[in-house]
Amino acid sequence: MDKPWGIEDLANFLGVPKNTIYQWRSKGYGPPSRKVGRYVKYLPDEVRRWLHSLPKEVG
C-alpha cells in the first residue's frame, strides 16, 4: 500500500494548483479524502479510481 498523500502531493499528481484542491473539497468534489488529526490525506489507489471514473472527453 502506498503512503497517503497530502494536498500538495495530490495537486502535483493531478497537475492542478493546491487552491483547486481546496475549492473542490469545499464543493464536495474530487477524490475521497480522510482527516488524520488535523491533516487531510488521500489514498493513492482511491485517487486513481476516482480519476478513472471521470467521463472521457470526446473531440
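This is a predicted model: local features need pLDDT of at least 70, side-chain atom pairs count only at pLDDT 80 or more; totals for chains, interfaces and linings use all residues.
**View 1. Helix α1 packs against helix α3.** The two helices (DSSP runs of H or I, at least four residues, numbered from the N terminus) pack at an angle of about 40 degrees, with their axes 12 Å apart. Axes are lines fitted to C-alpha atoms, for helices over the stretch in contact, and angles run from 0 to 180 degrees between N-to-C directions. The crossing is right-handed, meaning that the near helix is turned clockwise from the far one by less than a right angle. Leu-10, Phe-13 and Leu-14 of α1 meet Val-47, Arg-48, Trp-50 and Leu-51 of α3, where contact means heavy atoms within 4.5 Å.

**View 2. Ten residues form the largest nonpolar core.** Its members are Trp-5, Ile-7, Leu-10, Ala-11, Leu-14, Ile-21, Val-40, Tyr-42, Val-47 and Trp-50. Such a core is a set of buried Ala, Val, Leu, Ile, Met, Phe, Trp, Tyr and Cys residues joined through side-chain atoms within 4.5 Å. Helices α1 (7-14) and α3 each supply at least two core residues, and α1 gives the most, with four.

**View 3. Trp-5 pairs with Phe-13.** This is one of four aromatic pairs found in the whole structure. The ring centres lie 4.8 Å apart and the planes meet at 45 degrees, so the pair is tilted. Rings of Phe, Tyr and Trp (its six-membered ring) pair if their centres lie within 6.5 Å; planes under 30 degrees apart are stacked, over 60 edge-to-face and the rest tilted. Trp-5 is buried at 14% relative accessible area, whereas Phe-13 is partly exposed at 37%; buried means under 20%, exposed over 50% and partly exposed in between (1.4 Å probe, protein chains only).

**View 4. Trp-24 pairs with Trp-50.** Their ring centres are 5.8 Å apart with planes at 55 degrees, so this pair is tilted. Trp-24 sits in α2 (residues 18-27) and Trp-50 in α3 (residues 44-53), so the pair ties together parts 26 residues apart in sequence. Trp-50 is buried, at 13% relative accessibility. Together with Tyr-29, Trp-24 and Trp-50 form one aromatic cluster.

Terms used. Residues are numbered from 1 along each chain as its sequence is written. Side-chain values use heavy atoms; hydrogens and water are left out.
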